Amino acid sequence: MRYFFITIIFVLASGLFLNSCSKDDAALPTITFNQTEGKANSQGEYTVSGHIQSEIALSKVIITKEGSSTPFLTDDTTAKNKTDYDFAYLITGVTANTYLIVDIYNQANDKTTVRFLIRP
């Protein structure tokens, strides 16, 4: 009976340990924008800017205009290999309220996705 309880305690402790070692959201890249939303100029241009931080070096940043299947911009050079990255990307062609979908990948292929609104 004593060995039974020791076995139960070992199994429970092992389960808790394995669960605590699982992947958590702390490893995901984070992004902060310099503005809560953007306002395009009269030519339909806006420079979205801010800061990306990641515990694991970045791989790439992809920006897509919501509703489009083709990325507007893929940054796999200036963002690559950085853990802290101040960014500024020129967005053009804003003639109506436009949401940007920003996908940030680190080199472990973890992904963070955020939306950013630009008004005309």
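1. Strand β4 (residues 58-65) and strand β7 (residues 98-106) run antiparallel and are joined by seven bridges. Strands here are DSSP runs of E with at least two residues, numbered from the N terminus, and two strands pair if DSSP finds at least two bridges between them. The model is a predicted one, in which local features need pLDDT of at least 70 and side-chain atom pairs count only at pLDDT 80 or more, while totals for chains, interfaces and linings use all residues. Residues are numbered from 1 along each chain as its sequence is written, and side-chain values use heavy atoms, with hydrogens and water left out.

2. β4 also pairs with strand β5 (residues 73-75), in the antiparallel sense and over three bridges. Val-61 illustrates both pairings: Ile-104 stands opposite this residue in β7, and Asp-75 is its bridge partner in β5. Six of the eight residues of β4 are buried, that is, under 20% relative accessible area with a 1.4 Å probe and protein chains only; over 50% is exposed, and partly exposed lies in between.

3. A further set of pairings involves strand β3 (residues 46-53), which is antiparallel to strand β1 (residues 30-33) over four bridges. Within this pairing, Thr-30 faces Gln-53. Eight bridges join β3 to strand β6 (residues 84-91), again in the antiparallel sense, with Ile-52 opposite Tyr-85.

4. Four aromatic pairs are present in the structure. Rings of Phe, Tyr and Trp (its six-membered ring) pair if their centres lie within 6.5 Å; planes under 30 degrees apart count as stacked, over 60 as edge-to-face and the rest as tilted. Phe-33 and Phe-87 form an edge-to-face pair, because their centres are 6.1 Å apart and their planes stand at 90°. This pair connects β1 with β6, across 54 residues. Phe-33 is partly exposed at 21% relative accessible area, whereas Phe-87 is buried at 5%.

5. Phe-33 also pairs with Phe-116: the centres lie 4.6 Å apart with planes at 35°, so this pair is tilted. Phe-116 belongs to strand β8 (residues 111-119), and the pair therefore ties β1 to a part of the chain 83 residues away in sequence. Phe-116 is buried, at 2% relative accessibility. Ring pairs link Phe-33, Phe-87 and Phe-116 with Tyr-46 and Tyr-89 into a cluster.

6. Two charged side chains sit over rings (NZ of Lys or CZ of Arg within 6 Å of the ring centre and within 35 degrees of the ring normal). Lys-60 lies over the face of Tyr-105, 5.1 Å from the ring centre. Arg-115 lies over the face of Tyr-99, at 3.9 Å from the ring centre.
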